[in-house]
Amino acid sequence: MITIEQMTKVYTMGEIEVHALRGVNLTINSGEFVAIMGPSGSGKSTLMNMIGCLDTPTSGRYALDGIEVASLNDNDLSAVRARKLGFVFQQYMLLPRQSALANVEMPMLYRGIESKERARRAQVALELVGMGNRLDHRPNELSGGQQQRVAIARALAGSPSVILADEPTGALDSTTSEEIMYMLKQLNREQKLTIIIVTHESDIAAYADRIVTIRDGVVTTDRKNEVPHV
Amino acid sequence: MSNQPVRRVLEPVSDTGRNGLDYRELLKVSLDSLLANRLRTFLTMLGIIIGVASVVSLMTLGNGASNAITSQFSALGTNVLTIFNGRPNRGPGQSGNIAPLTMSDYKAIARMRLPIVGPVPQFSSSATIAAPVADKSATVLGTTTDYAKVQNITMDTGSFFTDGNVQGASQVVVLGSSLKTYLFGSGEAVGETVRINTLACRVIGVMASKGGGGFGSVDDQALVPITLAHTRLFAARTSDGNLRVSTISLSVINADDIDFTQQRIQMTLRDLRKLKSDGSEDDFNVINQASFLSSLSNITTLLTTFLAAIAGISLLVGGIGIMNIMLVSVTERTKEIGLRRAVGAQSRDILLQFMIEAVVLSLLGGFIGVVLGSILPVALTITGTFNAPVTLNSVIISLSVSLATGLFFGIWPARNAANLNPIQALRHE
Ligand SMILES: Nc1ncnc2c1ncn2[C@@H]1O[C@H](COP(=O)(O)OP(=O)(O)OP(=O)(O)O)[C@@H](O)[C@H]1O
Ligand SMILES: [Mg+2]
């Protein structure tokens, strides 16, 4: 469960201050599938980075499963990321010369999971995303969609509280994007995963149960998607 | 949907609560990373390999060369004392009244019953030596039988002249190896007759090559009984009827007696030459080869250090190579670092991973370098061309330098990346 109250983020670049977030209020319950939309530069990625504990807000409150993130130091933030969060990036970000299995295992290294258990969970996760027959493939032997599936397996293998995907389909064609979204929707339903995605496309956002719109660093609309896609 | 996922539920993780990697996992991550990027690993190691190989081979060959030089000189005998004419600490061409070194000086030393082999008088002069097919101007050295013992002469063929030859001033000659080759080529010399300044002498022996040489190599000389040199070959008589000698040499049996022997001889000669009373300077020199050796070894040490310094530069270049490759791959690696940080690695995990990578690279590269650098010296040593044993010193020095350069040049870029904010690292282009 995510609770954000009056969150601001100011980037200072020399003389200039950029107010990327100007007081965001947002609550996301576990099991929700949320899409964040908004024009370019509105602060979507900034908000995702805050939720992802990759950066700390300038002011305001952020609690993730009851943990007050604003007060954590760098090592604690790393520990929270390792256990509570799964990331899916637009550019997949797989280690180029390692197998799909090794890529999916990698995050679990940093939280004290034994190697057998790592391998088992990585395999299950790859099966869940339909890549069970590509365990030993390197990223350059996989299509973009397949690489993104591996990246999703990597994000979910450790059973995080929240999966964060900033434009997960941004580098994919529309058919592959639909496949990926369909899969995320299934994972959300069957694995009870909390998923937050950022997208520019309403077709993609249509898969979510809830659509949050951001403009100039504040939430402008927050509505239930009464008839989610699929 | 062609690819229906398997319907299994991934249960929540029960982890140990430990953050970061343990050392076994760190090692695995580092080795995986090195193995996954074999070309980069190899290129990075190449600089270290070349650097270490050149340090080891240059240092080893330098040491070998200096040992060879020193041992050639010590083959001439470190216990050998040589007595010259002339005042100590002055160059040649001295003026003033210096009584020449003569047979009476030699006899005085011989009477002292010192713990020595010898003394041996030597009278040398230049003469033309004519063999049937070639002739050559060479140094002819008149001496006694003990010369062979004092100077460690071994015979290639034939024998050295005897006491009888010396007493009887026999017309016999012993040739140095180079001189023999010049006069007779590869043919037999013993039994042949050569003319020394027209005096016919029978060759009775050829000496084995000594190499090196302190005061003109014996390899180029012809040795005759000193009596023959004094009476029939050269004008050696002084105005007061004595027989001149060029040098007197002797070998002290026990090295501990060298200083004592040197002093005794000095006193005796001063006595004999009536230098004692008025406190005037010596007009002779008693010189020990050991003192030459020590100044010689200073020079060769300098040479070895110089070679090591050159090799050290190549090791430094190797280190810069590591840094270069690290910097070239920094985009890829920075993204990797950002990714690892994003999914939960602490900056310590990143730093340790890179440190281990650097240690493995530089030690492995160093080890290969030691092996490659040893091939030439070991081959030379085994074939007997040149004695250049690989010293532990050169191995330790080059391995620690390669480790240091590897750590320094490998970790510095990684450290910067590990301290980056993960978002910036992920975005790195
Ligand atoms: N590291 C940073 N330093 C300075 N300014 C930043 C930084 N990151 C973001 N910004 C600024 O903050 C604002 C919000 O950026 P953000 O990346 O969150 O937008 P976005 O909604 O994700 O846009 P897009 O849809 O183009 O990805 C922008 O004006 C951007 O220039
Ligand atoms: Mg963005």
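Predicted model: local features only at pLDDT ≥ 70, side-chain atom pairs only at ≥ 80, totals over all residues.
View 1. One spot to look for is T3(A), whose bridge partner in β2(A) is T27(A).

**View 2. Strand β3 of chain A is mostly covered.** The strand spans residues 33-37, and five of its five residues are buried. Both faces are covered: F33(A), A35(A) and M37(A) sit on one side, with V34(A) and I36(A) on the other. As for its partners, β3(A) runs parallel to β8(A), residues 194-198, and four bridges join the pair. In that pairing, I36(A) stands opposite V198(A). β3(A) also pairs in the parallel sense with β9(A), residues 210-215, again over four bridges. There, M37(A) stands opposite T213(A).

**View 3. Stepping back, this is chain A as a whole, with seven helices and ten strands.** Of its 230 residues, 58% count as buried. Take the chain A contacts between residues at least 6 apart in sequence: 68% of them join residues at least 24 apart. The chain exposes about 9,000 Å², and carbon and sulfur atoms supply 47% of that.

**View 4. Over in chain B, S177(B) is found in helix α6.** The helix covers residues 177-184. With a relative accessibility of 16%, S177(B) falls under the 20% cut-off, so this serine counts as buried. Setting aside neighbours within four places in sequence, S177(B) is in contact with V206(B), M207(B), A208(B), S209(B) and D219(B).

**View 5. Six residues of chain B make a nonpolar surface patch.** They are L364(B), F367(B), I368(B), V371(B), L372(B) and I375(B), and the patch comes to about 540 Å². One of them, L372(B), lies in helix α11 of chain B, residues 347-382. Its relative accessible area is 44%, which makes L372(B) partly exposed.

Definitions and conventions. Residues numbered from 1 in each chain as written. Chains lettered and ligands numbered in written order. Heavy atoms only, no water. Pairing = 2+ DSSP bridges. Helix = DSSP H or I, 4+ residues; strand = E, 2+ residues; numbered from the N terminus. Patch = residues over 30% accessible without salt bridge, like charges linked within 9 Å, V, L, I, M, F, W, Y side chains within 5 Å. Areas by Shrake-Rupley, 256 points an atom, 1.4 Å probe, with all protein chains shown as cover. Salt bridge = Lys/Arg side-chain N within 4 Å of Asp/Glu carboxyl O. Buried < 20%, exposed > 50% of the residue type's maximum accessible area, 1.4 Å probe, protein only. Contact = heavy atoms within 4.5 Å.
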